[in-house]
Amino acid sequence: MSKDKVSIDELAWKMIGKLDAIKDEGRGKTILANIRSTVGKSLDDANTIWPFLFEYLPEKYLGRRGEISPYENAIYMTLQVYAIIQQGSGNRGIAKELDGNFSMGDTLRILRRGDESDKSLNQRFNAMVTANEFEELCYHLRHLVRILKAKVEGSLQVDYGKLARDLYWLQREKKKEVSMNWSRCYYKSINSKTNDVEEEK
């Protein structure tokens, strides 16, 4: 498959896989540090990440005349999520066995306890999925990811391909659809098994 025909899911996994393979090496540590240094910055003000980002982005994903494309923003934010999770983590592996339907709502559901202690967490989640601006949504997402990282040891189930795809559509015409899907996955019974979905017969 040519570079220009790769899907955003495949591209995200390719870039995350590359980073994961070198995260303990000097170059990998530098790239991750550069990514974390861009948190809170618009992509056009994040020149430390440009060499890695634009090496992989296909031509069709690039913005024009200084305008940042939804593809660029989606991959940029996905890389930030990965970099935040990896910071000082020791050995945070990536869950490659996910099937492309595991949303950020599924990932964050692990934080819920099903009692009153969830109140502030739920408020943060709701602020994220109802955010009017993409930058505001990303702000809340990063905060929730930091909470997740602090409370969960070992590997975290994050489908980076699905995340990148959802972040793309959150900037386009499927914002409500993605927000609803994240909410359904986040609020469903915390006693149910995430990957056991019974089909109607």
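**Chatting through a helical protein**

In this protein, residues 24 or more positions apart account for 75% of the contacts with a separation of 6 or more, a contact being heavy atoms within 4.5 Å. This is a predicted model, where local features need pLDDT of at least 70, side-chain atom pairs count only at pLDDT 80 or more, and totals for chains, interfaces and linings use all residues. Residues are numbered from 1 along each chain as its sequence is written, and side-chain values use heavy atoms, leaving out hydrogens and water.

Student: Is T78 buried or exposed?
Tutor: T78 sits in helix α4, residues 70-86. Buried means under 20% relative accessible area, exposed over 50%, and partly exposed in between, using a 1.4 Å probe and protein chains only. With a relative accessible area of 2%, T78 is therefore buried.

Student: Which residues is T78 in contact with, leaving aside neighbours within four places in sequence?
Tutor: Let's set those neighbours aside, as you say. That gives A12, I16, Y160, L163, A164 and L167.

Student: And where is M180?
Tutor: M180 has a relative accessible area of 43%, so it's partly exposed. As for its place, look in residues 175-187, which form helix α9.

Student: What separates the C-alpha atoms of M180 and T130?
Tutor: Along the chain, M180 and T130 are 50 residues apart.

Technical notes: Helices (H or I, at least four residues) and strands (E, at least two) are DSSP runs, numbered from the N terminus.
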